[in-house]
Amino acid sequence: MDRFDVCIAGAGVVGLAIAHRLLEAFPKASIVLTEQESDFGQHTSSRLSEVIHAGIYYASGSLKARLCVEGKVALYAFCDKYRVPYRRVGKLILSNSSCDQAITGLAHSAKSNGVDDLEYWTEDRIKIAEPAVRASHALFSPSTGILDSHQYMQTLLTLNEQRGMLYAPRTKITAVQPSGQGFCVKASINSRIKTEAYRFNAKWFINSAGLWSQQLAGKIENLPASSVPKQFLCKGEYFDYRGTNPFTHLIYPLPDPKLSGLGIHSTQDLRGQLRFGPDAEYVEEVDYRVTPDKHRAFARAIRNYFPSLEANKLVPAYAGIRPKINGPDEKPGDFIIAGPQDSGIPGLIQLFGIESPGLTASLSIGSYVSRLIGEVSL
Ligand SMILES: Cc1cc2nc3c(=O)[nH]c(=O)nc-3n(C[C@H](O)[C@H](O)[C@H](O)COP(=O)(O)OP(=O)(O)OC[C@H]3O[C@@H](n4cnc5c(N)ncnc54)[C@H](O)[C@@H]3O)c2cc1C
């Protein structure tokens, strides 16, 4: 039977970044990265805003805050080193005078997370920089950026393969049996013509299956159910704007604490395509269809800060789904990166609730996992 030091399940941006950091820390490690789809990054990692977040919103001391701030620095450095296209466009979080307290609160939480480059902008300053925007105050975040997330994942994959990683697309993990020195892993390889069973051994098993992490956890023998958090799916839809893009920066409303996202904001890709979203709606299943009927609700939300929006130029674009561990009325959950001590199973690492800012934090999540393994040694 084939034998690997590490098996990572899931070739989203997080699985790819974990492999990258592991190969930096343990260059001789044999790693297999399995992906159930025919290619990497087909789910949440390609259905997102492509924003490099500064680390403003997350609860102080949380993994989200720490790994976002560390990850942002690491991601910009990676993009420079390997020529992944990005732009530090900067972002404005808008407010009107009735909610000044909220914007001060955000500035405080950002500061305690180590984000110390925010600026307060007055209405006049906003008007000069963003004439199409209506707001009385704003927080400006110069370190927020956008990147080509596909190119980032492709670069991670290429580097990992150059360093000896085995990439196994169309390979779905179906069962994981802890056995003495590691795991016996069962997978099914779907080669279009036929499906074949494949069994191998791995010393470490890393569950980085995104929306399917809980389902995969259910396939790990002897795993206490209490070590697996309940999963909630929260869909976010986007609309493209076919009018002229009047914005230089990313434009965000103040997040509504009652909502599960950052509010319907403007984002743009590196070609300047303007897009609005994502909204936030708890759903029961993974279904990426966009609801054209949401057009009116989007227009209403956007007009609060972009009054001259031409609503007929909003067209349905795509949707992504957040793998949350908190329900609609609960406080936001943190990332969970559970090591062997959490499950009582040596060699097992599991990731749950890796929603935003998972792209930004991907390299620091990789370093975190690498440290968990390093403590026990590979
Ligand atoms: C609407 C939206 C907008 C977002 N915007 C941003 C943003 O602007 N900036 C930011 O930092 N973050 C953003 N995020 C968060 C970011 O997209 C995620 O945190 C990140 O993509 C998660 O990556 P992942 O690798 O954990 O999951 P995924 O990309 O879902 O990868 C998991 C992979 O595991 C595979 N898999 C599942 N089960 C198995 C199995 N049994 N065997 C083998 N493979 C399996 C799946 O096919 C999948 O490819 C956004 C998220 C959403 C939903």
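One salt bridge (a side-chain nitrogen of Lys or Arg within 4 Å of a carboxyl oxygen of Asp or Glu) is found across the interface of domain 1 and domain 2. This is a predicted model, in which local features need pLDDT of at least 70 and side-chain atom pairs count only at pLDDT 80 or more, while totals for chains, interfaces and linings use all residues. Residues are numbered from 1 along each chain as its sequence is written, and side-chain values use heavy atoms, with hydrogens and water left out.

**Domains and their interface**

- Domain 1 comprises 2-47 + 150-228 + 332-376, and domain 2 comprises 91-142 + 232-324; the bounds come from an automatic or database domain assignment.
- The domain centres, taken over C-alpha atoms, are separated by 32 Å.
- Nine residues from domain 1 and 11 residues from domain 2 form the contact (heavy atoms within 4.5 Å).
- About 900 Å² is buried between the two domains, with 60% given by carbon and sulfur atoms; buried area is the accessible area (1.4 Å probe) that two parts lose on being put together, summed over both.
- Arg-47, Leu-211 and Glu-355 supply 68% of the area that domain 1 buries against domain 2, more than any other three residues.
- Glu-355 also forms a salt bridge with Lys-324 through their side chains, at 2.7 Å from N to O.

**Packing of helices 2 and 5**

- The axes (lines fitted to C-alpha atoms over the stretch in contact, with angles from 0 to 180 degrees between N-to-C directions) of helix 2 (residues 63-82) and helix 5 (residues 149-162) come within 11 Å and cross at roughly 70°; helices are DSSP runs (H or I, at least four residues), numbered from the N terminus.
- Helix 2 is therefore roughly perpendicular to helix 5 (65 to 115 degrees).
- Leu-75, Phe-78 and Tyr-82 of helix 2 meet Tyr-152, Thr-155, Leu-156 and Leu-159 of helix 5.

Notes
Helices (H or I, at least four residues) and strands (E, at least two) are DSSP runs, numbered from the N terminus. Angles under 35 degrees count as roughly parallel, over 145 as roughly antiparallel, 65 to 115 as roughly perpendicular and the rest as oblique.
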